[in-house]
Amino acid sequence: MALKLEDFMEWPDIEALEYGECSNPKTVLGARKIDKNHFLITAYFKDASEVKVKVDGVRKAYEMTQMDELGYFACFITAKKPPAYHFLCQVDGKEVKRLDPYAMDSIIDGMDMEMFTGGEYDDLYKKLGAHPMTIDGVEGTYFAVWAPNARSVSVVGDFNNWKEDANAMNLLEPAGIYELFIPGVKQGALYKYSILQSMGKRVLKADPFATYSEVRPDTASIVWDIDQYQWKDSDWLKARKKWNPDKSPMIVYEVDLSSFRKPKKKGVEMKDSFYNYRELADLLVPYVKELGYTHIELMPVMEHPYDASWGYQVTGYFAPTSRFGTPDDFKYFMDTMHQNDIGVIVDWVPAHFPKDEHGLASFDGTCLYEHLDKRKGEHPHWGTLIYNYGRREVVNFLTSNALYWLEEFHADGIRMDAVASMLYLDYGKNDGEWVANMYGGNENLEAIEFIRHINDKIHERKDGSISIAEESTAWAMVTGDTEDGGLGFDLKWNMGWMNDYLEYIQTDPLFRKGRHGLLTMSMLYQYSEKYMLVLSHDEVVHMKGSLYNKMPGLSEDKFASLRLTYGYMAAHPGKMLLFMGQEFGQKREWSEERELDWELLAPIDGEPSRNEQLRQYVGFLNAFYQAHPALYLDDEKPEGFEWVSLLDADNSVIAFLRKTDKETLLVVCNFTPVYHERFKLGVPFAGKYKEIFNSDSLEFGGGGRVNPRVKNSKQVKWDGREDSIEFKLAPLSMQIFQCSQTPAKGERKK
């Protein structure tokens, strides 16, 4: 019996395809075996007047029959096994060769889908997204997107003139993943997903797994091969495996790449332009190395549409922002940092995402990434949406993203933003705007498990990468082990110290004695967590003013107070972070729209400006900190710290010891502009006390009230101690003495 094409036409599915409503176009497109000697070949080309099928190795080209007026073509070919073929299409009088996207097998198998739906696909980004590859000798790009509730999805881009019906994707059940390999699509192609949502609305969405995007305000994703860069930082990665933040110095320089430096034209800043990642690397490396920072922390470099969000409203979680170049350019940036022994922490924002239409919001017409209940799924005062941490696929999306930055870009750690907003269901919400958990509490149980899961995955890598929490409440065991009920972070930002200290230092020195407890409070909880002391970008924006302008007094007092502040910060237990510009006393409040005020560093009458002196001071202080293990080795152990004087509120003076079994340092801080010619202080033991650091030194811009000679302790009781010393205590200063104990009679001097 002769075969008739009409007998094999699945008209309901064909019509669904032609009207953009087909979720599985492979049922009506591609090659299907009819019997042992024949295959049915079908295609959909709206722009073709004639179509032929050319089978590889066969001279004859098979004429295809146009089955309807919309452009559906079909023919039989003789073959015993699936043939390799292509189409020859007549388009506007020209013959165009086209490969068949529906002739390719899926690269996502059942195991992939099981791992994804189970939330355990740690490198999910290697399957979802857009991936240039070669399949069966055919070059092209494989696209895959999760949209389980969409009625249909197609890939649109500059390669198909953005036609919604040109490249319909295939639905893989039960995972709800749409996928399609499109021959001929190369790196650099623009694309989006055209999604017919569950309620019938068609929208264009950027790829949640895109590795590259257009420069805002344009929002298309860009095909990019992230595996082509050749890394040169193997020595750094090898050494990092042995790095232990508990035992190592860590000084972090927080950077916003858009405003560290701005390109200039004829000396005028180009506000809407940015340096490339490669140029920024070359600008940052010598500066960071000169000042002795061990790490930089980048404010979010993930793609975001709004400059003034500083990257904290992310739409492209897997894409380094194209403001500064390509993914390869960013890899060069990271590589260059590592080759110069500078670690890189990246800010990561899993707490919320914006409502931009091209982003994750209502992705397939349902609340796919966010909660359906607005009381769970929305920050009413932020205008952003909250992830549904109870959905395994969402957890998988975020987990694979965190690991992506560590694996693909060699980040040395992530700093998780807004952790408190994740932990508490009522964070930033009024009554009626939140829903209690199953036990009636305000803890977000799903977010807690998600955070533990992320940190476990990071530490399972055993490659030295770390996680840091920006957590602003008294939540217990943020840095505790997950197996003991902790959240599993390596470090927590010490927001309590920051808030107390800034409140104290902004107080007129005349009234500081009434707030003395703000200086000593931090040591009451110091050993409850592993802390990082921070003076971050959040403290110098939104009308808060720069650190310089937070300091009371005249200019001389302000600079002295900054030297004191940074010195006290270095001597206090905990790792350190300082936002860019504050190291040289930036006077204006920070803005992402302009570069830092580098002109402040220019000499004045041939002499270094106060700003330059402060910058040099910070560099000296950072080097001093790293040269003295007593300042960092036992940050998390009570035996590494000891109060000497904490109750001298009248003088606004505190003194304490930082120590190891090999070194004891006496730190004295004077928080008033009063100079004490002969200040008496109790000391831990009889011995010699040599001043090795004084923030009032002339070279730092101070008054030069230093102690050049070693101080020998005397048997005069003071501050509850048997011995004491007298020394010059400079105003608004931090001074450090190296302590050498006098051996007891008959004891050999160490």
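Predicted model: local features only at pLDDT ≥ 70, side-chain atom pairs only at ≥ 80, totals over all residues.

User: What makes a residue count as buried, and what percentage of the 750 residues are buried?

Analyst: Buried means a relative accessible area under 20%. By that criterion, buried residues make up 59% of the 750 residues in the protein. The protein exposes about 31,500 Å², of which carbon and sulfur atoms supply 49%.

User: Why are α4 and α15 called roughly perpendicular?

Analyst: The axes of helix α4 (residues 277–291) and helix α15 (residues 610–627) cross at roughly 65° and come within 7 Å. Angles of 65 to 115 degrees count as roughly perpendicular, and α4 and α15 are therefore described in that way.

User: Which residues of α4 and α15 meet, and how does their contact divide by class?

Analyst: From α4, Tyr287, Glu290 and Leu291 meet Arg615, Val618, Gly619 and Asn622 of α15. The contact of α4 with α15 has 3 nonpolar, 2 polar and 2 charged residues. Gly counts as polar in this scheme, and Tyr as nonpolar.

User: What makes α2 roughly perpendicular to α7?

Analyst: The crossing angle between the axes of helix α2 (residues 110–117) and helix α7 (residues 392–407) is roughly 95°, and the axes come within 7 Å. With 65 to 115 degrees as the range for roughly perpendicular, this makes α2 roughly perpendicular to α7. Met115, Phe116 and Thr117 in α2 meet Arg392, Glu393 and Asn396 in α7. The residues of this contact divide into 2 nonpolar, 2 polar and 2 charged.

User: Why are β4 and β8 called edge strands?

Analyst: The sheet in question is open, with 4 strands in the order β4-β3-β7-β8 and antiparallel pairing. Strands β4 (61–63) and β8 (94–98) each pair on one side only, and are the edge strands. From one strand to the next, the twist averages 30°.

User: What makes β29 a mostly covered strand?

Analyst: In strand β29 (residues 531–535), 5 of its 5 residues are buried. Tyr531, Leu533 and Leu535 are buried on one side and Met532 and Val534 on the other, which leaves both faces covered.

User: Which strands does β29 pair with?

Analyst: Strand β28 (residues 491–493) runs parallel to β29, and 2 bridges join them. Lysine 492 stands opposite tyrosine 531 in β29. With strand β30 (residues 575–579), β29 pairs in the parallel sense over 4 bridges. In β30, leucine 577 is the bridge partner of valine 534.

User: Which residues of α1 are buried, and what covers them?

Analyst: Ile14, Ala16, Leu17 and Glu18 are buried in helix α1 (residues 11–18). Their cover includes β2 (38–44) and β6 (72–78). Just after α1, glycine 20 takes a positive phi of about 70°.

Notes. Residues numbered from 1 in each chain as written. Heavy atoms only, no water. Axes fitted to C-alpha atoms, helices over the stretch in contact; angles between N-to-C directions. Parallel < 35°, antiparallel > 145°, perpendicular 65-115°, else oblique. Contact = heavy atoms within 4.5 Å. Pairing = 2+ DSSP bridges. Buried < 20%, exposed > 50% of the residue type's maximum accessible area, 1.4 Å probe, protein only. Areas by Shrake-Rupley, 256 points an atom, 1.4 Å probe, with all protein chains shown as cover.
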